[in-house]
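Biologist: I would like to learn how to read a model of this kind. Please take it one feature at a time.

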Amino acid sequence: MVLYGPSGLNAGRWLPWMTSISPIKTDKLTWLSRSLSLFGLAISSYLAYVYLRHQAPVCLGGSRGCATVEHSRYARIDGIPLPLFGLAGYMMLFMSACIHSQRARTVGMILAVFAVCMSMVLTYLELEVIHAVCYWCVSSAMCAAAHVI
């Protein structure tokens with residue numbers, strides 16, 4: 001897919017400064033990365049919203065796992081809810097997918113690997129320490145893992 005700026009192929013006619021900008025080639029993996037980032041951002045936004053309002057997240061099938069995880073001592077780092085870290089992480093992943101350079105791709109991959117490692121630690125805590133599973137957290141972990149794959 002080739003994008004030619006905000007106005008398409010005739011950008012130079014309406015915006016003379018656009019004629020000096022070369023076309024931006026965007027491959028399918030970049031679009032997939034952007035989509036996964038936005039999906040993770042939506043999950044983190046919802047969880048941040050309910051955490052900050054001290055509400056229990058809506059959990060799949062009426063399970064109480066999400067509320068149990070939210071009220072555990074592992075749901076916050078120094079009083080900051082973990083979904084806020086997820087918001088920042090997915091925002092940075094999205095931004096790295098929007099910047100067209102090798103350095104941005106490298107940063108995006110490092111962020112994605114870090115997110116997967118954190119998700120593995122948090123999933124371990126859910127299963128072995130908290131003894132409850134939050135489906136929102138699992139969805140976020142799968143989204144982070146899909147970035148690496």
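The dialogue below goes from the whole chain to single residues.

Modeller: Keep in mind that this is a predicted model.

Biologist: How many helices and strands does the chain have, and in what order do the elements run?

Modeller: Start with the count, then read from the N terminus. The chain has six helices and four strands. Their order is β-α-β-α-α-β-β-α-α-α.

Biologist: What part of the contacts links residues 24 or more positions apart?

Modeller: Take the contacts with a separation of 6 or more; 61% of them are between residues 24 or more positions apart.

Biologist: What span should helix α5 have, and how far apart are its end C-alpha atoms?

Modeller: The expected span is 1.5 Å times one less than the number of residues. Helix α5 covers residues 102-130, 29 residues in total, so it should span 42 Å. Its end C-alpha atoms lie 40 Å apart, which agrees.

Biologist: Which residues of α5 are buried, and what covers them?

Modeller: Ala 104, Gly 108, Ala 112, Val 116, Ser 119, Leu 125, Glu 126 and Ile 130 are buried. Their cover includes α3 (65-70), α4 (82-98) and α6 (135-148).

Biologist: What backbone feature comes just after α5?

Modeller: His 131 has a positive phi there, about 60 degrees.

Biologist: Turning to a single side chain, is Tyr 51 buried or exposed?

Modeller: Compare its relative accessible area with the cut-off. Tyr 51, in helix α2 (residues 28-52), has a value of 4%, so it is buried.

Biologist: Which residues does Tyr 51 touch, leaving out those up to four places away in sequence?

Modeller: Tyr 51 touches Val 69, Glu 70, Ala 75, Arg 76, Pro 81 and Pro 83. With Glu 70, Tyr 51 is 19 residues apart along the chain, while their C-alpha atoms are separated by 7.2 Å.

Biologist: Which residues make the nonpolar surface patch?

Modeller: Ile 77, Ile 80 and Phe 85 form it, with an area of about 250 Å². Phe 85 belongs to helix α4.

Conventions:
Residues numbered from 1 in each chain as written. Predicted model: local features only at pLDDT ≥ 70, side-chain atom pairs only at ≥ 80, totals over all residues. Heavy atoms only, no water. Helix = DSSP H or I, 4+ residues; strand = E, 2+ residues; numbered from the N terminus. Buried < 20%, exposed > 50% of the residue type's maximum accessible area, 1.4 Å probe, protein only. Contact = heavy atoms within 4.5 Å. Patch = residues over 30% accessible without salt bridge, like charges linked within 9 Å, V, L, I, M, F, W, Y side chains within 5 Å. Areas by Shrake-Rupley, 256 points an atom, 1.4 Å probe, with all protein chains shown as cover. Salt bridge = Lys/Arg side-chain N within 4 Å of Asp/Glu carboxyl O.
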